[in-house]
Every structure is written in C-alpha cells, then in structure tokens.
Amino acid sequence: MSSVLFDVPGPQALRRQRRASAITIVVLVVLAALALFKLQTEGQLSGALWEPFVTPAYVQALLEAALTTLRVAVVAVVLSVLFGAVFAVGRLSDRAWLSWPSALVVEFFRAVPLLMMILAIYLVYGDGLGKFWSLVIGLVLYNGSVLAEVFRAGVNAVPRGQSEAAYALGLRKSQVMQLILLPQAVRIMLPAIISQSVVALKDTSLGYVIPYEELTSIGRQVSIEFGNILPVAIVLALMFIVANYSLSRLAVWLERRMGRSTQPASELDTGA
Amino acid sequence: MDTLWDSRQVVLAAFGQTLGLLVVAGLGALVLGTILGAFRVSAVPALRAVGTAYVTVFRNTPLLVVFLLIYYGLPELEVRPPQFWRATIALVLYTAAFICEAVRSGVNAVDSGQAEAARSIGMGFGQSLRLVVLPQAFRAVVPPLANVLIALAKNTSLVAGFGIADATFRMRGLINNNPGDVYVIFVGIALGYVLIVAVIAFIARGLERQLAVAR
C-alpha cells in the first residue's frame, strides 16, 4: 500500500513492517489477557452476571427496547429530513424575512447541546407531549438543523451552469429550485442523510435522562437488578455498533453506486 | 430575569465545570486521537487495523453507553477515580475516535506529489513528514478539528445525567425550582453554550487564516 507518507515498501521495509506488526499483535494480546484477567479476578465473567442475556424474558425486554429505539430514530429521521428541507429552502431564499429567521433557528439548534434541549422540552412540555415526543422533538430540532446545512451545501454543490441555464430558459426561482436544483441535490445528499441517521440513532440513547424506555434505560434497569453494568454496557455497545456499522456501510455503498461525489458523506458528520 | 441573575454564581460555577471538562477532555482526546491518527496512516498494517477498529467501535457507540461503561463500570473493577475523572475518561475515549478521523483526513488531504517530491530530493521519512506533510496537514485539519471540539463542548452536557453539576445540570435544577421562568433560564444557559461554540469557531477561523498560505 502506498500513500502520501510512504512508497510501496521494498524487501527491507517489508521486513521491518512485519516485525512492527508482530510486536503490535503481541502487545494487543498481552493487553487483552490483562483485561480478561482483571475481569476474572473481579468476578465480572461469572455466569450469573451474563445470565439475563440468555434468559428469554430479559432478551425479549431488550429486543422490545431496541425496537422502541428504532421507532424513535425512524420517526426522528423522517421529521428531521422535512425540517431540514424546509429550513434549507428558507435559508436559501432571497427574501430576508425568510432567510434570516431560518438561519437563526438552524444556527441556534446546532449550537445548543441536544441533551439540554431534550431536558428542557420534557420539563416544560412533558406533561402534554409525553416522553416519546419530547425525545423525538429534541432529536428533530438538532438533526433537522444539521440536515438543513447539509441540504444547503448540497444545493450549492450543483454546478452553477445548471441554474444559469434554467434561468436563461425563463424559469422562475421557485421553478429552478424544484425542477433543477433539488432533484440533483438529493442524489448528492442521500449518503449524508444516512450518515446523519447514524447520529440520530446514537442520540436516541439520550432518552436515558428523561427516562424514556428505550434501549439504554432498559439496559440500566437490568443492570440495577443484576448488578452487572459492565456486561450490560458491553452488550448495548455491541447492539449499537452492529446497527450503526451496517448503516454507514449502506451509506458508503450508496455513494459508490451513485458514482462520483465531491465529499465522502462519512466525513460530513464530525461530532455529536 | 431575576432568577438567572440571583443564581449567577451557581450558573457561572456550573459553566466553569463545563469548561473544565471541555479543556481537560479536549486535551486528552487530542493526545489520544493524534496517536490513533498516526496509527491509521502508518505503514504497519497491524497498527492501521488497531486505529480502524478503535474508530469503528467508538464512533458507532452512543456516548451515553460509553458513560455507562466507564462511569459505572470502572468502580466494578475496583478502579475508583473521582466522578470528574470518570466522566473525563468517557469523553476522551469517545472524542478521540473523531479526532483520529480528522487527523487522518488531514494527512490524506496533502497532495501525494508533495511527499513524492520530498522523497525524490532525498528527504527521509522523518524529514518529509516534519518539513512537508505535517505543516500542510495541520492546515487541513483545523476546520474538522474545530467541529470535533464544538461537539465535545456540547457532549459535556451528558455529565448532567451522572450527577456532575455542569450547566445543563443547573438548568434542570433552576427550572424545577422556578417553573415560571423556564424561558429565561433556558435561553440564558443556551446562550452560554452558544458563546462557547462561537469562541471555538472564532479561534479556528483565526488559525485557519493564519495558516493559509498562497499556493
């Protein structure tokens, strides 16, 4: 493999790399053994702590919680896309009374911690909204604002000649947006929307603070009952990793399928 | 309005806590993330695999689950750092994955002709890295790094769910005690976060401009 930093290795470099690889693997094995030893001496590997994950009643509770989490994520992502589209178009508008408030909303909700939003929504409107919608609305405000910026970037990424040609044909601005820019932008943005749904799926876990009965809250309840927070956290992490990793592979696959793209979607989301 | 003014000391102390977490966890994550980033662009396949595995695990796990693992999990192993440090470790482990990706994309953003040219005039690996690649990579890394630090500033709010009195924790307390002033309290605390985010963005923009070199 060659990259910015090095050429294709010759025989000597190859030997050196093999040696370094071997050392790395030895270090990893030693670290893993130490970790297992520590878990063993603290009794974390005893069957009693892992029992809930083979007990049908608890497995079912966890799977139901996973479904709840998925439901929150799906509703939140769908509404976020709508929210994002509305505010992106608003911000791209020529009318100042439309573009200014849109920009303000988008910038505000991107800068405020999501957990704080969810807590505030729940504390103020929780009685009327219920826990599900408090969580979903918080997620929509944040992810929708991020998506609004993604959409705006997507529309701006359509080559200028496209809109100029459309104007030259006599289309109005709204027509240019609907007929020319948005259809092309959606193609560019689809992988980014999927990447953002990874973020949304992870953020459903913030329901924990309300607490809403999604995966992490149920996991916490199980861990309090069995005194097995480490096994529970490891299982939760694995469930999230499997779901999110599949989603991001899907994004990469879509990106490849749709051909060239200027910016890998996987690098659009850098936080949260 | 009075509620916020009357509790200004509590609120300021809470933002002190938030900033403390941001700075300590940010420095920790920069160190760990840079090391992992170096792994990910290294010539050694096993090191690259370590970097990739770390990023895959921590980018796909919710920060809250990392908190459960570290905050409640470490004491189970008879390792008992104080609250603040357990929260910091969780934030560092999570954020390092994103810093690693930022560093990697920065190094990859350097045109490969640059390093090839450096090698062909006889520079060794260390020289080409130090004199040619890293100065350019650093410039490309500033914007994504700023985004990661902004995300970290917001992510520190998770400690509110674990009994650490940061700004979000105090917001909940103030709203519970003064239900009549929710909007003032919410907007006040939110503006505090907006200010932190704006300062990070401002510094990043300054750095970017300073590092910008006409090519």
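The model is predicted: local features need pLDDT of at least 70, side-chain atom pairs count only at pLDDT 80 or more, and totals for chains, interfaces and linings use all residues. Residues are numbered from 1 along each chain as its sequence is written, chains are lettered from A in the order in which they are written, and side-chain values use heavy atoms, with hydrogens and water left out.

**Domains and pocket**

Chain A is divided into domain 1 (11-41) and domain 2 (50-261), with bounds that come from an automatic or database domain assignment. Between the C-alpha centres of these two domains of chain A lie 38 Å.

The second largest pocket has a volume of about 1200 Å³. A pocket is an open set of points on a 1 Å grid over the protein atoms alone, where a 1.4 Å probe fits, with protein on both sides within 12 Å along at least five of seven lines; lining residues have an atom within 4 Å of a point. Grid points are joined across faces, edges and corners, and the volume is the space filled by probe spheres set on the points. The lining of this second largest pocket has 31 residues, and those nearest its centre are A:Leu31, A:Ala35, B:Phe58, B:Leu69 and B:Leu93. Two or more lining residues come from each of helices H1 (11-41) and H9 (229-257) of chain A and helices H3 (45-60) and H4 of chain B. Helices here are DSSP runs (H or I, at least four residues), numbered from the N terminus. H1 of chain A gives the most to the lining, with 10 residues. At least three lining residues are drawn from each of domain 1 and domain 2 of chain A. By residue class, the lining comprises 27 nonpolar, 3 polar and 1 charged; Ala, Val, Leu, Ile, Met, Phe, Trp, Tyr, Cys and Pro count as nonpolar, Asp, Glu, Lys and Arg as charged, and the others, Gly among them, as polar.

**Aromatic contacts**

Over all chains, the structure holds 16 aromatic pairs. Rings of Phe, Tyr and Trp (its six-membered ring) pair if their centres lie within 6.5 Å; planes under 30 degrees apart count as stacked, over 60 as edge-to-face and the rest as tilted. Two of the pairs are tabulated below.

| Pair | Centre to centre | Angle between planes | Class |
|---|---|---|---|
| A:Tyr58 and A:Phe226 | 5.0 Å | 85° | edge-to-face |
| A:Phe132 and A:Trp133 | 5.2 Å | 90° | edge-to-face |

Because A:Tyr58 lies in helix H3 (residues 56-92) and A:Phe226 in helix H8 of chain A, their pair ties together parts that are 168 residues apart in sequence. A:Phe132 is buried, at 19% relative accessible area, while A:Trp133 is partly exposed, at 39%; buried means under 20%, exposed over 50% and partly exposed in between (1.4 Å probe, protein chains only).

Ring pairs also link A:Tyr208, B:Phe67, B:Tyr71, B:Tyr72 and B:Phe162 into a cluster. Two rings of this cluster have an arginine over them: A:Arg220 lies over the face of B:Tyr72, 3.8 Å from the ring centre, and the charged end of B:Arg86 sits over the ring of B:Tyr71, 4.5 Å from its centre. Such a charge has NZ of Lys or CZ of Arg within 6 Å of the ring centre and within 35 degrees of the ring normal.

**Backbone**

Most residues other than glycine have a negative phi, and most peptide bonds are trans. The bond from A:Ile210 to A:Pro211 is cis, with omega near -10°, and A:Pro211 lies in the loop between helices H7 (173-203) and H8 (215-226) of chain A. B:Glu78, although not a glycine, has a positive phi of about 60°; B:Glu78 is found in the loop between helices H4 (63-76) and H5 (83-109) of chain B.
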